[in-house]
Amino acid sequence: MESPPTNVQAELAKERNRAAAERTLMAWIRTCLSLISFGFGIDSIVRAIQERSQAGIDTTRFSGVLGLALVGLGTYAMIVSASEHAKELRYITRPEGYVYRQRRSLALTVAVCLVCIGVLAFVAILFRWL
Amino acid sequence: MTAPPQGVTTELAKERSRAAAERTLTSWIQSSLTLMGFGLALASTIDAWNRHFPGSVAPAYAKLAPYVALMAIGVGLFLLTLAIVGHVGRTKNLEGKEFSANALYAMAIGGIIVFGIFAAFAVVVQAH
């Protein structure tokens, strides 16, 4: 049988942290779903146009690379966020006291990757179209 | 130098603040992705359609589409860069470090201006 908690405030704070971790994971699910579905969608649309065409030119390369990069980024973020969520839940429930740990921000990594993909796409469109 | 631990409830509150900062940045990622996604989808589909079915897109739309696409991607990149700077500032403050975002904002805005000049130069070169 578990011993009753001695510090009610700390226990309530842990419960708030658990709820916050849950909301963070849900935010990641939405973000990754957007990344993956967009990456998959853009490639599918361009391939569908290609298949209906008689022109015999390949326009799928740019959208293929872009789609793959976004799907890859979304999958990576989902795996890492799920793993971080599990680690955080384990850390909250351990019997020793809680100490805030500095660690690498996944959101920052994903945002920087997205900026790089955006800059490459911007430059590619600029030189291809204008 | 980081601040020493300050009691369980304060440390847990710091962790919640970090999670809140993480969620804020993911929201910005979603908003920027929507903007950049719109631009990329427009550019890719109009380009593919135009090449495979020449003349099927009205000339006015075909001419306007790349500018709209580039503008949407540019605005998305700008917002995401500002969000990254804000996130770095918030997490540094949580770690107990004095952090002023001014230098980082100046760098980000400087980078965007250089990028804009490069883009304008590319447009001029392509136009001639």
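1. Helices (H or I, at least four residues) and strands (E, at least two) are DSSP runs, numbered from the N terminus. On that basis, chain B follows the pattern α-α-α along its sequence, with three helices and zero strands.

2. This is a predicted model, in which local features need pLDDT of at least 70 and side-chain atom pairs count only at pLDDT 80 or more, whereas totals for chains, interfaces and linings use all residues. Residues are numbered from 1 along each chain as its sequence is written, and chains are lettered from A and ligands numbered from 1 in the order in which they are written.

3. A residue is buried if 20 or more other C-beta atoms lie within 10 Å of its own, exposed if 12 or fewer, and partly exposed in between, with C-beta atoms placed from the backbone. Of the 128 residues in chain B, 31% are buried. Two residues are in contact if their C-beta atoms, placed from the backbone, lie within 7 Å. Among the contacts in chain B with a separation of 6 or more, 66% are accounted for by residues 24 or more positions apart.

4. Helix pair within chain B. Two packed helices are described by the angle between their axes and the distance between the axes. Here axes are lines fitted to C-alpha atoms, for helices over the stretch in contact, and angles run from 0 to 180 degrees between N-to-C directions. In chain B, the axes of helix α1 (residues 8-52) and helix α2 (residues 59-94) come within 9 Å and cross at roughly 165 degrees. Angles under 35 degrees count as roughly parallel, over 145 as roughly antiparallel, 65 to 115 as roughly perpendicular and the rest as oblique; α1(B) and α2(B) are therefore roughly antiparallel to each other. The contact of α1(B) with α2(B) involves 24 nonpolar, eight polar and three charged residues. For these classes, Ala, Val, Leu, Ile, Met, Phe, Trp, Tyr, Cys and Pro count as nonpolar, Asp, Glu, Lys and Arg as charged, and the others, Gly among them, as polar.

5. Helix pair within chain A. α1(A) and α2(A) pack with their axes 8 Å apart, at an angle of about 165 degrees. These two helices, α1(A) and α2(A), are therefore roughly antiparallel to each other. Their contact divides into 19 nonpolar, 12 polar and five charged residues.

6. The axes of α1(A) and α1(B) lie 9 Å apart, and the packing angle is about 10 degrees. α1(A) and α1(B) are therefore roughly parallel to each other. By class, the residues of this contact are 22 nonpolar, 13 polar and eight charged.

7. Interface. In total, 52 residues of chain A are in contact with 50 residues of chain B. On the chain A side, the elements giving two or more residues are α1 (8-52), α2 (60-93) and α3 (106-129). α1(A) gives the most to that side, with 22 residues. The side of chain A that touches chain B has 34 nonpolar, 14 polar and four charged residues.

8. Nonpolar core. A nonpolar core is a set of buried Ala, Val, Leu, Ile, Met, Phe, Trp, Tyr and Cys residues joined through C-beta atoms within 7 Å. The largest has 43 residues, and those with the most contacts inside it are A:A111, B:I29, B:A69, B:I73 and B:L80. The elements that give two or more residues to this core are α1, α2 and α3 of chain A together with α1 and α2 of chain B. α1(B) gives the most, with 12 residues. Not counting residues up to four places away in sequence, A:A111 touches B:L25, B:I29, B:L80, B:A83 and B:I84.

9. The loop residue A:S53. A:S53 lies in the loop between α1 and α2 of chain A and counts as partly exposed, with 15 C-beta neighbours inside 10 Å. Not counting residues up to four places away in sequence, A:S53 touches B:H52 and B:F53. A:S53 and A:E11 are 42 residues apart along the chain, and their C-alpha atoms are separated by 63 Å.

10. Two helix residues of chain B. B:S17 is found in helix α1 of chain B; this residue is partly exposed because 16 other C-beta atoms lie within 10 Å. From C-alpha to C-alpha, B:S17 and B:Y61 are 46 Å apart in space and 44 residues apart in sequence. B:L82 is found in helix α2 of chain B and, with 18 C-beta neighbours inside 10 Å, counts as partly exposed. The C-alpha atoms of B:L82 and B:N102, which are 20 residues apart along the chain, are separated by 11 Å.
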